[in-house]
Amino acid sequence: MKAKLEEIRLEALHALEGLDELDKLEEFRLKYLGKKGALTQVLRGMGGLPAEERPIVGQIANEVRNQLESELEQKTKDLKEAALTRRLEAEKIDVTVPGERPGLGRLHPVTTVLNELKDIFLGMGFDVAEGPEIEYDYYNFEALNLPKNHPARDTQDTFYIDNTILLRTHTSPVQIRTMEKQKPPIKIICPGRVYRSDEVDATHSPIFHQIEGLVVDKGITMGDLKGVLDVFAKAVFGPETKTKLRPHHFPFTEPSAEVDVSCAICKGAGCRVCSYTGWIEILGAGMVHPRVLEYVNIDPNEYSGFAFGMGLDRIVNIKYGIDDIRLLFENDIRFLKQF
Ligand code: DAH
């Protein structure tokens, strides 16, 4: 029996030495020290021993138990320590390593230019108004003196939601919405997104941006229009910039004009950007048609006004020398990073 205990001691010590996982220690304890373990098994057989041998065997058994228990305790401690060291190693943070810089965005060129234009007009006392992009036919066409079947509707074909609701083709409906709510004096610009069912190419996009302007008060003349546009053009394109009004037709203004600015690139000498004319067309404008004023119950005999509408994307392209409107909508970071 003594030999058996010795054998258990050696086997257990050997097994313990080979253990390297905390999870396995309980299994070890059960196998050697548990109620059904090897040691207990031996002690159960003590009844068959001669009386004088029992205390000796008992003593050895106790010794083996004590030794295994203390070895197990030591092993547990060692493995726990090793696990902690491993974890600390794995979770180590080197606070001296330089941090990763988060990618910092920047304003889209259209936003940058819009902010600049807003500043210019706010400086002249304009307010900023807004209107919906999903618009009634009434505001987009009808009240702007473009009745159903008017041929000028063809140039502004759009996306219809039903017979009366569409995606606005210009920012001009905000003129009507503003005049419905507010009596003169009115002095607003309305920037926003507009839609047309145009094929995409270098100069066309089904989504683009416009800025509308509207001034209504007593005694407003075309001279005021020219003056405002002059200040605007000089502020955007430089102090030498000249403005030119050419007669045109819009159903919602009378008289109407298209407005050119002298080419900022060649100063009027002629270059690729201005198609060698020295001038660049930037907007449509005119005196608000009396019929439009009547639509919103403003007496055209008492009040007059001017309006204008410009393509914001075009201004951006002229300012930055960009020759393809698609670049503004593709949102390629490599392109946008340049501004
Ligand atoms: N709404 C016109 C367009 O999209 C531009 C325009 C022309 C606006 C003359 C005006 C204006 O306010 O008076 O083509």
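Is Lys267 buried or exposed? In this predicted model, Lys267 has a relative accessibility of 54% and counts as exposed, because the cut-off for that class is over 50%. Lys267 is located in the loop between S7 and S8. Its backbone has a positive phi of about 55 degrees, although Lys267 is not a glycine. A second residue of this kind is Asn149, which is not a glycine and has a positive phi of about 75 degrees. Asn149 belongs to the loop between helix H6 (137–140) and strand S3 (165–167). With a relative accessible area of 78%, Asn149 is exposed. For comparison, most residues other than glycine have a negative phi, and most peptide bonds are trans.

Two peptide bonds in the model are cis. One joins Pro184 and Pro185, with omega at about 5 degrees. Pro185 sits in the loop between helix H7 (173–181) and S4. The other runs from Glu254 to Pro255 and has omega near -10 degrees. Pro255 is part of strand S7.

The strands can be described next. Seven of them, in the order S1-S4-S5-S9-S8-S7-S6, make up an open sheet with mixed pairing. The edges are taken by strand S1 (127–128) and strand S6 (243–250); each has a single partner strand, so one side of each has no neighbour in the sheet. Strand S4 (residues 186–195) pairs with strand S5 (residues 207–217) in the antiparallel sense, over 10 bridges. Within this pairing, Cys190 is opposite Glu212 of S5, and Lys187 has Val215 of S5 as its bridge partner. S5 also runs antiparallel to S9, to which it is joined by 8 bridges. Here Asp217 stands opposite Ser304 in S9. S5 is mostly covered, with 9 of its 11 residues buried. In a regular strand, side chains alternate between the two faces of the sheet.

Helix H5 (residues 109–123) lies across S1, S4, S5 and strand S9 (304–311). The helix runs at about 165 degrees to S4. Leu117 touches Ile211, Phe232, Val236, Met310 and Leu312, leaving out residues up to four places away in sequence.

Leu117 also belongs to the largest nonpolar core, which has 42 residues. Leu117, Phe121, Phe232, Ile282, Leu283, Phe308 and Met310 are the residues with the most contacts inside this core. At least two core residues come from each of H5, S5, helix H8 (222–237), strand S7 (253–262), strand S8 (279–288), S9, helix H10 (312–320) and helix H12 (333–336). H8 supplies the largest share, 7 residues. In soluble globular proteins, nonpolar side chains tend to be buried together.

The largest pocket has a volume of about 1,300 Å³. Its lining consists of 44 residues, and those nearest the centre of the pocket are Phe208, Glu281, Ile282, Gly311 and Arg314. S5, S6, S7, S8, S9 and H10 each give at least two residues to the lining of the pocket. The most come from S8, with 6 residues.

H10 has Leu312, Asp313, Ile315, Val316, Asn317 and Ile318 as its buried residues. These buried residues pack against H5, S5, H8, S8, S9 and H11. Just after H10, Gly321 adopts a positive phi of about 65 degrees.

Ile325 is placed in the loop between H10 and helix H11 (327–330). Ile325 has 9% relative accessibility and counts as buried, because the cut-off for that class is under 20%. When neighbours within four places in sequence are set aside, Ile325 is in contact with Asp201, Ala202, Thr203, His204, Ser205, Asp313 and Asn317. Two of these contacts, Asp313 and Asn317, are among the buried residues of H10. Thr203 is 122 residues from Ile325 along the chain, yet the C-alpha atoms of the two are separated by 5.5 Å.

Technical notes: Residues are numbered from 1 along each chain as its sequence is written. This is a predicted model: local features need pLDDT of at least 70, side-chain atom pairs count only at pLDDT 80 or more; totals for chains, interfaces and linings use all residues. Side-chain values use heavy atoms; hydrogens and water are left out. Two strands pair if DSSP finds at least two bridges between them. Helices (H or I, at least four residues) and strands (E, at least two) are DSSP runs, numbered from the N terminus. Contact means heavy atoms within 4.5 Å. Axes are lines fitted to C-alpha atoms, for helices over the stretch in contact, and angles run from 0 to 180 degrees between N-to-C directions. A nonpolar core is a set of buried Ala, Val, Leu, Ile, Met, Phe, Trp, Tyr and Cys residues joined through side-chain atoms within 4.5 Å. Buried means under 20% relative accessible area, exposed over 50%, partly exposed in between (1.4 Å probe, protein chains only). On a 1 Å grid over the protein atoms alone, a cavity is a set of points where a 1.4 Å probe fits but cannot get out, and a pocket is an open set with protein on both sides within 12 Å along at least five of seven lines; lining residues have an atom within 4 Å of a point. Grid points are joined across faces, edges and corners, and a volume is the space filled by probe spheres set on the points.
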